[in-house]
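Hi everyone, thanks for coming.

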Amino acid sequence: MGTLRQASTTNSAAAARDFLTFVRAAPSPFHAVAEARRRLEAAGFVAISERDAWSVARNGRYFFTRNQSSIVAFVVGGAYKSGNGFSIIGAHTDSPCLKVKPLSKKETAGYLKVGVETYGGGLWNTWFDRDLGIAGRVLIKSATNDGPIQHRLVKIDEPILRIPTLAIHLDRTVGTEGFKFNNETHLTPMLGLAAKSLNGSADDKPLKHHAALLNKIATQLNVNADDIGDFELCLYDTHPSTIGGIADEFIFSARLDNLMSSYCAIEAIIKSVKETGSESDSLVRVVSLFDNEEVGSQTAFGADSDLLEVTLRRLAGAVVDGQEPGRTAFEQSLTRSFLISADMAHAVHCNYSEKHEDNHRPSMNKGIVIKQNANQRYATTAVTTTILREVAKKRNVNLQEFVVRNDSPCGSTIGPMLSAKLGLRTIDVGNPQLSMHSIRETCGVEDVGSAIDLFQSFFEDFAAIDRRISVDL
């Protein structure tokens, strides 16, 4: 008879503080992937490339990136063999934001302005009167035409941009008709004054972007402005994320949707191998963090791409420690797999409680939320909720339920598209939060540890639980 494993629990306060470190380091999807990579490498995960043939071993820990905005990490179980399944957690690295346009140089009424484009469905009114910095990736050209082109991350953690509101004295209707604005004309941030550019010199040649902005980026990267090629930059609030509330029960932060789920998934797979190892696991543990969920996922690095399918096919078809895979290993493995689609959920609102269905009002700090929808906007089923409840018992993790009101539209996640594409048993879950898609969101401190515990238990215990489930012969 084997020894009973003592289930450990995560210190939520410590995990919440560590999440602040994670989210502060991740103002863009590229930075989120870089921070996830840093943590994985520190835990002994080995970087591999999609371009290479893979050679994997039992108990091996690996990860790869695609576009530097999506990342997949996996651990091959010590008891894994061809045809066995995958325990998968999927989340996403992107959040609604403002992105710098390809031709961003604007000037109006003596102000230097930066043209931006809305990304995703943000609450754009919350972006006014904020101290905005810029972050993303820059392609650096070589001094020679045939030299290497470098991929660099940049983070200007200074309030160099601001979108000012109009004074109430100049808009007397705002009190009666609400704050109204045009996304194209009124959501353009100012960079500085045209009479005095930020670097002390005027723009003296045609450029796609203001010279002051290019010089700021170049200084940050320690390169010449002329070496800057194309870039993908997003704006973000430089005000740091923090813990608040009278009893330090809340996290106030940007990008909770969905860096909270991404953080918890990465921490769970790391803890699962650090604390209990993978020697007895018959499955492959997988975390896949996708880009572009907020705009539909139909990109080469989104959940509607081939990213997860290709990963699972390659693993199912891999020669592991000299063992050749079976001819139908991939198809068999999918029937033995399970996907947790992790994306934030809507907590009941202190001032708008009527927006929630009476019996489904998730609260912060009371556990992760199972999301269900009869019209299949979520992929949750009775089978997958049963499995997750058994997983939750292992660490005494509380679960909550959510459905939308019948008179309210329902959002969706990566869950339904991946479930349909691959035939995976899938459940949609998420930590409850307020102000989703605001520049500043709120969630509960206690729920951080709960999510990590649930995900870790899933990696460690799903295989045994699955053997108790009988649905299709």
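**A walk through the model**

Gln376 sits in the loop between strand E16 (368-371) and helix H8 (382-393). Its phi is near 65°, which is a positive value in a residue other than glycine.

Before going on, a word on what you are looking at. This is a predicted model, in which local features need pLDDT of at least 70 and side-chain atom pairs count only at pLDDT 80 or more, while totals for chains, interfaces and linings use all residues. Residues are numbered from 1 along each chain as its sequence is written, and side-chain values use heavy atoms, leaving out hydrogens and water.

Now the overall picture. The protein has 10 helices and 20 strands. The radius of gyration is 24 Å, close to the 23 Å that the globule rule gives for 473 residues, so the protein is as compact as a globular protein of that length. That radius is taken over C-alpha atoms, and the rule is 2.2 Å times the number of residues to the power 0.38. When I say helix or strand, I mean DSSP runs numbered from the N terminus: H or I with at least four residues for helices, E with at least two for strands.

Along the principal axes, the C-alpha atoms fill a box of roughly 80 × 60 × 35 Å. Of the 473 residues, 52% are buried.

Let's move to strand E13 (284-290). How many of the residues of E13 are buried? The count is 7 of 7. Both faces are covered, with Val284, Val286, Ser288 and Phe290 on one side and Arg285, Val287 and Leu289 on the other.

Strands of a sheet pair through backbone hydrogen bonds, either parallel or antiparallel. Here, two strands pair if DSSP finds at least two bridges between them. Strand E3 (residues 70-76) runs antiparallel to E13, and 6 bridges join them. One of the residues to look for is Val72, whose bridge partner in E13 is Ser288. Strand E4 (residues 86-92) pairs with E13 in the parallel sense over 7 bridges, and there Ile88 has Val286 as its bridge partner.

If you follow the chain past E13 towards helix H6 (307-316), the loop between them holds Asn292. Asn292 also has a positive phi, near 65°, in a residue other than glycine. Is Asn292 buried or exposed? Asn292 is buried, with a relative accessible area of 8%.

Next, helix H4 (residues 211-221), whose buried residues are Ala211, Ala212, Leu213, Leu214, Ile217, Ala218 and Leu221. What do they pack against? Their neighbours are strands E6 (111-119), E7 (132-140), E8 (150-161), E9 (190-193) and E10 (228-237).

Take Leu221 as an example from this helix. Leu221 is buried, at 4% relative accessibility. Leaving aside residues up to four places away in sequence, Leu221 touches Val138, Ile140, Arg152, Leu153 and Val154. Just after H4 comes Asn222, with a positive phi of about 60°.

There is one more backbone detail to point out. The peptide bond from Asp257 to Asn258 is cis, with omega near 15°. Asn258 belongs to helix H5 (residues 256-275).

Let me finish with a sheet. Which order do the strands take in the open sheet of 5 strands? Reading across, it is E11-E12-E20-E19-E15, and the pairing is mixed. Strand E11 (242-244) and strand E15 (345-346) stand at the edges, each with a single partner strand, so one side of each is left without a neighbour in the sheet. E15 pairs with strand E19 (residues 432-434) in the parallel sense over 2 bridges. In that pairing, His346 has Gln433 of E19 as its bridge partner.

Key: Buried means under 20% relative accessible area, exposed over 50%, partly exposed in between (1.4 Å probe, protein chains only). Contact means heavy atoms within 4.5 Å.
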